[in-house]
Amino acid sequence: MAKRTCDVVVIGGGPGGYVCSIRLGQLKQKVICVEKEEVGGVCLNWGCVPSKALISASHTYEKVKDHGAGMGVFAEGLRVDSDKMQDWKNGIVKKLTTGVRGLFRGNGVELVMGNARVTGPRTVEVTTKDGTETIEVTKAIVVATGSSTIEIPSFKFDGKQIIGAKEAVSLRQVPKRLLIIGGGVIGLELGCVYQKFGAELTVVEATPGLLPGVDPECTAVVEKRLVKKGAKIIKSAMAKGYEKNADGSLGVKLDLGDGKEDTVATDMVLVAVGMRPNGAGVGLEEIGVKVERGFVPADHFGRTNVDGIYAIGDVTGQPMLAHKASKEGEVVAEIIAGHKAAKDWVSIPAAIFTDPEIAVAGLTEAQAKDKGIDVRVGKFPFSALGRAMAVNETEGFFKVVADKKTNELLGVHIVGPEASDLISEGALALEMHAFLEDVGMTIHPHPTLGEGMMEACMNGLGHAIHILNR
């Protein structure tokens, strides 16, 4: 078995692993990144980026089809070419993954395509198509193995009618009827896509509400729109199994609770009940690294309980977000290279690309109250913004949560057009411990959607101009 040495081995080339590797390269560390499938991980290849490409395409289609005439824009022969759309989406993925490989080369990072197994605090065994080798590290091993789609035993993936998110972003034919098990982020984002393209949508959620953990006021706006467009939302229900009908369709059996059952006919089932961490099975337990239900606990410096072994990204726990993984990758790279760094952020913003979008940073109103904080809430609707009217997207609102005693911002919640872009101002405000006055008295350009953030803060103070302050 061949042997060689480097400073750091990074296991996994996703948003955490590739960012960590590049930063290590910039810091003049000799680093090897081992990836078993493709650089970019879930996010670039079949998660964040390709799903957003399809979301953009579906939004464009719907806007022309349903809203164009009202704006004086008419389109004849409007249609969806699923093959061309998929080719376009795949082109985006290829550009991004090729770009990561180029950044590796430019920063002196060696990419090894293969399966990695930790065999000691300073050794990693890598199996490639050409054989197996042992890599000895002088400084650290970084575990960035990410997460995988959870499969339900009674709904085993067949890649055709029972699918996961990976298959859902690669469909070359829109199903007539689509049932989604799971009313979380992945399920609703992809559900919005195929509903816009004409699929009859059913969402089955085990909890009493969609998007658990999100401010229910925001969730209600998305749910209302889904239902208005014909979706059937079944909450507090469990999908127990299915039967194949004579016509090739599926009959999905539901447990509605209290002894009630139902069967829903569909042509395709998307299982979107979450992601499972990939911490087990890579040799960590054997060398004493703590692994809990697949998660690898790490401290504020990314350190596991074994010296020299670090962990970042999804495998370390919630929130399972690409930008969280990337930031952790940068922090750990700095620490390994001998610089001072730590995971000391105030909040990790999140964006949900439903229709309309939801974006959040910091505490919800309920979470703040649970902490015993007397809160002040400010809101401002998109319907009062000239820019929102001009782009014909007026659903939703800005909501800010602040400490009533000090007016310090504690949370920002946005549901509406471009919420994913607008939330960054909220995240910065929280990071800088801004107050309602700081944001509310900052001049925002007109006419823009961002004015809503300013007005929401002023509403919290009772001074908003373009709505009545109650």
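The side chains of Gln 29 and Lys 139 are joined by a polar contact of 2.7 Å. A polar contact here is a pair of N or O atoms within 3.5 Å; within protein, one must be able to donate a hydrogen and the other to accept it, and residues adjacent in sequence count only if both atoms are side-chain atoms. This is a predicted model, in which local features need pLDDT of at least 70 and side-chain atom pairs count only at pLDDT 80 or more, while totals for chains, interfaces and linings use all residues. Residues are numbered from 1 along each chain as its sequence is written, and side-chain values use heavy atoms, with hydrogens and water left out.

To place Gln 29 on your screen, look in the loop between helix H1 (17-26) and strand S2 (31-35). Helices (H or I, at least four residues) and strands (E, at least two) are DSSP runs, numbered from the N terminus. Gln 29 has a relative accessible area of 10%, so it counts as buried. Buried means under 20% relative accessible area, exposed means over 50%, and partly exposed lies in between (1.4 Å probe, protein chains only). If you set aside neighbours within four places in sequence, Gln 29 is in contact with Asp 7, Leu 24, Lys 139 and Ala 337, where contact means heavy atoms within 4.5 Å.

**The whole protein**

The protein has 13 helices and 22 strands. Its C-alpha trace spans about 70 × 65 × 50 Å along the principal axes. Of the 470 residues, 51% count as buried. Among contacts between residues at least 6 apart in sequence, 63% join residues at least 24 apart. The protein exposes about 21800 Å², with carbon and sulfur atoms supplying 52% of it; accessible areas come from the Shrake-Rupley method with a 1.4 Å probe, and for residues only the protein chains shown count as cover.

**Strand S10 and its partners**

Strand S10 (residues 200-205) is largely enclosed by the rest of the structure, because 5 of its 6 residues are buried. Strand S9 (residues 177-181) runs parallel to S10 and is joined to it by 5 bridges; two strands pair if DSSP finds at least two bridges between them. One of these links can be found at Leu 178, whose bridge partner in S10 is Leu 201. S10 is also joined to strand S11 (residues 232-235) by 4 bridges, again in parallel, and the bridge partner of Thr 202 in S11 is Lys 232.

**Helix H13**

Gly 452 sits in helix H13 (residues 451-460). With a relative accessible area of 0%, Gly 452 is buried. Not counting residues up to four places away in sequence, Gly 452 touches Phe 380, Leu 385 and Phe 398. H13 as a whole is mostly covered, with 10 of its 10 residues buried. The cover over its buried residues includes strand S20 (375-381), S21, strand S22 (409-416), helix H11 (419-431) and H12. After H13 comes Gly 462, which has a positive phi near 85 degrees.

**Backbone features worth a look**

Most residues other than glycine have a negative phi, and most peptide bonds are trans.

| Site | Feature | Value |
|---|---|---|
| Gln 318 and Pro 319 | cis peptide bond | omega about -5 degrees |
| His 446 and Pro 447 | cis peptide bond | omega about -5 degrees |
| Arg 293 | positive phi | near 50 degrees |
| Asn 392 | positive phi | about 60 degrees |

Pro 319 is in the loop between strand S17 (309-311) and helix H8 (322-336), while Pro 447 is in the loop between helix H12 (436-440) and H13. Arg 293 belongs to the loop between strand S16 (275-277) and S17, and its 73% relative accessibility makes it exposed. Asn 392 lies in the loop between helix H10 (386-390) and strand S21 (397-403); at 34% relative accessibility, Asn 392 counts as partly exposed.
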